[in-house]
Amino acid sequence: QIFKKMDFPALGANQTEIDREREEEEKLLKQKKEEEEKNKKELEQKKKRTPKSDRGNSNVSAVRITFQDPSPNAPPVPATSIPSTSMTARDLCHVLHSIMRPLLTFENVLDAYNADYYHWSYNDRKSRNLLFSSSNVSGNMNLPNPVWKETKMKAQAMESKFRNTVEKRADEWSKEKQALGKMEKANVKRPRALLATTALSSTAESRVTSGLDMDDEMDEYKQRAFLWAARVGIDKGYLAYLNLVELRRLLQSRPGDALSGVDEVENRRDELLRDVEDNVSKLHSAFGVEKNTSGEVTIVEKVLSRTLSLPKGRMLLSRVVDEGILPHPSACHLLPVAVKVILESSSSMDISVAPPAGEDRLLRSLTGLVKTVQPSVDAQNLLACLTSVIDAKSVMDDKNKSMKAVLAGKRTLMELLHAIFTRGSETCVGGHELEWKRKESSFLLILSGGV
């Protein structure tokens with residue numbers, strides 16, 4: 001009973017009921033007080049019977065230490081002050097050091113840039129956002145700089161040696177204690193493998209890549225191979241992107257650090273440029289960009305479509321375009337093919353639902369690329385963008401969709417096309433003016449529903 005009649009006498013309670021409830025409440029309070037006094041006496045008698053040495057240990061074990069000082073200058077907590085009935089202070093130090101090893105400060109690790117990349121990049125992004133929003137905030141932070149390749153290899157060798165030592169010690173302990181199974185040591189730098197899959201067999205892969213008719217089972221196998229190929233390509237592209245960001249920061253922050261002599265600087269620069277070319281080539285492969293010996297750029301539409309079919313691939317292309325990691329000629333050649341892929345995928349989707357994850361950001365990045373005046377998108381790629389839009393009409397007709405309805409449901413796509421038309425009218429002059437006018441008229445006719 002939560003509420004009593006004595007609490008609300010105006011709701012119909014008489015004086016007799018109120019008096020009875022007050023007597024019951026006083027009786028309960030008296031019983032509770034007697035129980036507390038009884039427990040207190042029993043505790044005092046128990047303390048009198050307990051020796052003084054045991055009393056000191058019980059008080060230590062009852063102390064609970066809380067660590068709530070996040071300051072880097074906070075005094076260290078001695079391991080002996082942490083009570084434990086199962087582990088010694090030395091064991092506690094070993095376990096805590098192993099757990100907190102990835103959180104060591106910059107001065108205690110060789111490659112601080114990669115050791116705590118996500119933490120300092122988050123702080124860097126946060127400081128830049130605060131700098132843009134408020135002029136009183138300083139954007140200078142103690143961010144780590146990348147290290148040279150030999151230092152990175154030394155750090156990797158030390159980490160590998162540490163991991164091997166830990167695993168060997170765990171294996172020896174399992175054999176000594178005759179434990180069933182093996183103690184598996186987790187690595188905080190890698191995600192835990194939840195599903196182990198084997199690679200495609202050579203016979204099945206050859207059947208998938210061949211142009212023969214396949215049954216439902218092989219269709220499913222082909223879709224699975226397509227998905228894994230997209231994931232592998234995107235992962236390689238992301239790795240190349242992160243390497244290029246690190247190389248750019250290395251060249252900006254340490255142009256000639258720890259070097260003596262002009263020849264050594266030139267050799268170091270040539271080595272870094274070779275690494276840049278290698279990673280740019282891997283990034284091109286993720287988006288289907290191919291270059292021949294004469295420097296002509298071609299786009300493999302199948303590879304680009306496979307990459308943009310996943311949200312992670314769309315985010316990757318958006319990042320490399322925004323940050324200028326992808327070379328500008330390659331980005332310009334990717335623009336018309338990306339517009340074609342997005343229009344074709346939009347024609348097979350419900351207009352009323354939200355766009356796929358990462359598509360709006362990609363379209364905004366492409367819009368920024370088109371609006372950039374220096375360097376500018378060339379006239380040939382702007383004409384190719386109009387060609388991609390006009391060719392997408394046939395795909396939309398097969399899906400019973402109209403260009404006007406698709407653009408009305410995608411504001412960012414409409415903004416991209418508006419930027420293409422605005423920039424094309426400024427760039428496509430002289431020999432390209434007639435072709436631009438003709439394709440522009442064709443698009444306006446499609447948009448009005450005349451074709």
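Leaving aside residues up to four places away in sequence, D111 touches V147, K152 and A155, where contact means heavy atoms within 4.5 Å. This is a predicted model, in which local features need pLDDT of at least 70 and side-chain atom pairs count only at pLDDT 80 or more, while totals for chains, interfaces and linings use all residues. Residues are numbered from 1 along each chain as its sequence is written, and side-chain values use heavy atoms, with hydrogens and water left out.

**More about D111**

- You can find D111 in the loop between helix 3 (89-99) and helix 4 (112-115); helices (H or I, at least four residues) and strands (E, at least two) are DSSP runs, numbered from the N terminus.
- D111 is buried but has no salt bridge. Buried means under 20% relative accessible area, exposed means over 50%, and partly exposed lies in between (1.4 Å probe, protein chains only). A salt bridge is a side-chain nitrogen of Lys or Arg within 4 Å of a carboxyl oxygen of Asp or Glu.
- Which side chain of opposite charge is nearest to D111? It is K152, at 5.0 Å; here Lys and Arg count as positive and Asp and Glu as negative, with His and the chain ends not counted.

**The whole chain**

- The chain has 17 helices and two strands.
- Of its 451 residues, 27% are buried.
- Among contacts with a separation of 6 or more, 68% are between residues 24 or more positions apart.
- Accessible areas come from the Shrake-Rupley method with a 1.4 Å probe, and for residues only the protein chains shown count as cover.

**Salt bridges**

- How many salt bridges does a search of the whole structure find? The search finds eleven.
- One of them pairs E271 with K149, whose closest N and O atoms are 3.8 Å apart. This pair links distant parts of the chain, since E271 sits in helix 9 (residues 262-287) and K149 in helix 6 (residues 149-176), 122 residues apart.
- Both ends of that pair are partly exposed: E271 has a relative accessible area of 24%, and K149 has 37%.
- Another salt bridge joins K410 and E359, with the closest N and O atoms 2.7 Å apart. It also links distant parts of the chain: K410 lies in the loop between helix 15 (403-408) and helix 16 (411-427), E359 lies in helix 13 (residues 359-371), and the two are 51 residues apart.
- K410 counts as buried because its relative accessibility is 13%. E359 is buried too, with a relative accessible area of 3%.
- R423 pairs with E426, and their closest N and O atoms are 2.7 Å apart. Because R423 and E426 are three residues apart in helix 16, about one helical turn separates them.
- R423 counts as buried, at 12% relative accessibility. Elsewhere, salt bridges that share partners join K149, E271 and D275 into one network.

**Surface patches**

- D19, E23, E24, E25 and E26 gather on the surface in a patch of negative charge. Patches are made of residues with over 30% relative accessible area and no salt bridge, joining like charges within 9 Å and nonpolar side chains (Val, Leu, Ile, Met, Phe, Trp, Tyr) within 5 Å. The place of a charge is taken as NZ of Lys, CZ of Arg, CG of Asp or CD of Glu.
- D19 belongs to helix 1 (residues 15-49) and, at 32% relative accessibility, counts as partly exposed.
- M87, V95, L96, I99 and M100 make a nonpolar surface patch of about 430 Å².
- L96 is in helix 3 and is partly exposed, with a relative accessible area of 38%.

**V341 and its contacts**

- V341 is part of helix 12 (residues 328-347), and at 9% relative accessibility it counts as buried.
- Not counting residues up to four places away in sequence, V341 touches E301, S305 and L308. The C-alpha atoms of V341 and S305 are separated by 6.1 Å, although these residues are 36 residues apart along the chain.

**A cis peptide bond**

- Most peptide bonds are trans.
- The bond from Q374 to P375 is cis, with omega near 0 degrees.
- P375 is found in the loop between helix 13 and helix 14 (379-398).
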